[in-house]
Amino acid sequence: MAAEVRRSARNQRLVLAGLALAAVVGAGLLAIPALEDKATFFYAPSDLAANPPAPGARIRLGGLVKDGSVSRENDGLTLVFTVTDGARETRVRYTGLVPDLFREGQGVVATGRLGPDGGFAAEELLAKHDETYMPPEVAKSLGRAGGAGAAGAMHRTGSLSE
Amino acid sequence: MEPVRSASSWHDLANPHRFRRVAGQALPWLLAAALGFLAAGLGTGLFLAPADYLQGESVRIMYVHVPSAWLALGGYAGLAIAALAARIWRHPLADLAVRAVAPVGAAFAAVCLATGSLWGRPTWGTWWVWDGRLTSMLVLFLLYLGVIALIHAFEDRMRGAKAAGILAILGVVNLPVIKYSVEWWNTLHQPASIRLSGSSIHAEMLQPLLLSATGFALLFAAIVLMRMRALIAEQKRAMRQLRRAALAG
């Protein structure tokens with residue numbers, strides 16, 4: 001008798017735990033798509049073209065540094081390059097320290113403001129690398145001389161509104 | 001009806017004192033294996049494995065960073081399963097496991113965050129950013145701290161165990177968020193290198209990584225067993241003191 005009572009109490013706890021877990025998972029499934037735009041760390045050039053940010057808004061732009069697009073201005077400090085996501089491109093201008101991994105064909109994330117001419121004035125520059133790791137010899141034989149990699153798949157975000 | 005006493009060793013382990021004895025016998029082997037794998041993995045990883053074509057020598061942080069990330073996540077899954085078992089079956093060892101795992105998991109999460117920060121500076125150019133992966137990993141560390149705090153927050157230990165267990169179970173939602181953060185959202189952190197479809201880490205680097213991860217996993221298990229043994233001994237002593245006080249009174 002006592003054992004039966006114990007068993008039914010245990011079953012009740014099992015059902016309650018199951019319901020609680022289902023509720024939590026459900027809440028998560030609802031919340032994550034809603035976070036889509038808020039939780040993105042940067043926008044790709046296509047995002048900026050589809051949904052232009054408010055004038056003067058501070059945003060992050062991410063993508064690959066286009067091959068052959070990097071040049072320095074006469075002051076020797078200002079860097080001008082093109083960020084591409086494969087579909088669209090944005091011209092970026094940046095003065096300051098450059099991360100070691102910055103190079104053509106690699107990923108970057110720049111923080112700054114989009115100008116009226118469509119150029120991006122960056123205040124901060126971060127490098128983004130992909131998930132491939134290999135010795136230099138292997139990279140050389142694959143023709144990836146310290147670059148030419150992707151920065152991982154990128155996502156389209158629906159809106160840039162705050 | 002009393003259950004028939006089972007002769008299976010699995011059932012015997014449910015008795016905390018027998019568990020303590022068996023764990024004590026297994027511990028030296030577990031520790032020796034952990035140190036062996038760690039020496040092999042970190043030795044080859046830090047000294048013999050090739051540098052990365054892009055990152056150079058700083059890629060060696062991976063041999064500590066990645067195993068500690070895996071174990072912080074795996075440890076949390078174990079913590080939540082133990083908490084669930086403690087809630088549903090009221091198993092005495094399950095509650096002990098929650099208390100034993102929490103600080104160890106928190107330590108591995110802290111190591112993951114610290115080594116990640118040290119790795120981010122020379123590669124990305126920053127110690128920290130609030131992207132999806134880094135933020136959800138910080139949340140995991142805070143969840144561990146929350147569980148530890150709740151365990152000790154109540155005069156009545158049963159209430160503490162209950163509150164900590166509920167937080168541990170709810171926190172499971174964060175595990176898929178960490179795992180898929182790099183796929184759901186644009187992040188500075190790169191996507192996973194090791195997937196079911198294969199690895200994008202070269203074999204000469206993958207091998208030490210897996211050795212090191214095995215070593216850290218065995219170390220994790222050994223520390224948890226040590227803590228469980230200590231907690232059982234502590235309970236035993238507390239019971240003895242109570243009994244002595246009752247007799248004296």
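Guide: In this predicted model, helices are DSSP runs of H or I with at least four residues, strands are runs of E with at least two, and both are numbered from the N terminus. By that count, B:R90 falls in the loop between α3 and α4 of chain B.

Visitor: What makes the backbone of B:R90 worth a remark?

Guide: Most residues other than glycine have a negative phi. B:R90 is not a glycine, yet its phi is positive, at about 50°.

Visitor: Why is B:R90 called partly exposed?

Guide: The term covers relative accessible areas between the 20% under which a residue is buried and the 50% over which it is exposed. B:R90 has 47% relative accessibility, so it counts as partly exposed.

Visitor: What makes B:T126 a buried or an exposed residue?

Guide: Buried means under 20% relative accessible area, and B:T126, at 10%, therefore counts as buried. This residue sits in the loop between α4 and α5 (132-151) of chain B. Leaving aside residues up to four places away in sequence, B:T126 touches B:S117, B:G120, B:R121 and B:L188, and also A:L126.

Visitor: How do you know which residues belong to the contact between chain A and chain B?

Guide: Contact requires heavy atoms within 4.5 Å, and the contact takes 41 residues from chain A and 44 residues from chain B. The two chains bury about 3,700 Å² between them, with 63% of that area on carbon and sulfur atoms. On the side of chain B, B:Y53, B:L54 and B:N186 supply 24% of the area buried against chain A, more than any other three residues.

Visitor: What is the count of salt bridges between chain B and chain A, and what is the count of polar contacts?

Guide: A salt bridge needs a side-chain nitrogen of Lys or Arg within 4 Å of a carboxyl oxygen of Asp or Glu, and the count between chain B and chain A is zero. For polar contacts, where the N or O atoms must lie within 3.5 Å, the count is 14 residue pairs, with both residues at pLDDT 80 or more. The elements that give two or more residues to the side of chain B that touches chain A are α3 (62-89), α4 (92-123), α6 (157-170), α7 (174-184) and α8 (203-248) of chain B. Of these, α3(B) gives the most, with five residues. Sorted by class, that side has 27 nonpolar, eleven polar and six charged residues.

Visitor: Why is the pair of A:R93 and A:E73 called a salt bridge, and what does the pair tie together?

Guide: The cut-off is 4 Å between the nitrogen and the carboxyl oxygen; the closest N and O atoms of A:R93 and A:E73 are 2.8 Å apart, and the pair forms a salt bridge. A:R93 lies in strand β4 (residues 89-95) of chain A and A:E73 in the loop between β2 (71-72) and β3 (78-84) of chain A, so the pair ties together parts that are 20 residues apart in sequence. A:R93 has a relative accessible area of 44% and is partly exposed, and A:E73, at 30%, counts as partly exposed too.

Visitor: How do you know that A:E123 and A:R113 form a salt bridge, and where do they lie?

Guide: Their closest N and O atoms are 2.6 Å apart, and the limit is 4 Å. A:E123 belongs to strand β6 (residues 120-128) of chain A and A:R113 to strand β5 (residues 107-114) of chain A, ten residues apart. At 39% relative accessibility A:E123 is partly exposed, as is A:R113 at 35%. A network of salt bridges links A:R58, A:R113 and A:E123.

Notes
Residues numbered from 1 in each chain as written. Chains lettered and ligands numbered in written order. Predicted model: local features only at pLDDT ≥ 70, side-chain atom pairs only at ≥ 80, totals over all residues. Heavy atoms only, no water. Buried area = accessible area lost by both parts, 1.4 Å probe. Polar contact = N/O pair within 3.5 Å; in protein donor to acceptor, adjacent residues only side chain to side chain. Nonpolar A, V, L, I, M, F, W, Y, C, P; charged D, E, K, R; others polar. Buried < 20%, exposed > 50% of the residue type's maximum accessible area, 1.4 Å probe, protein only.
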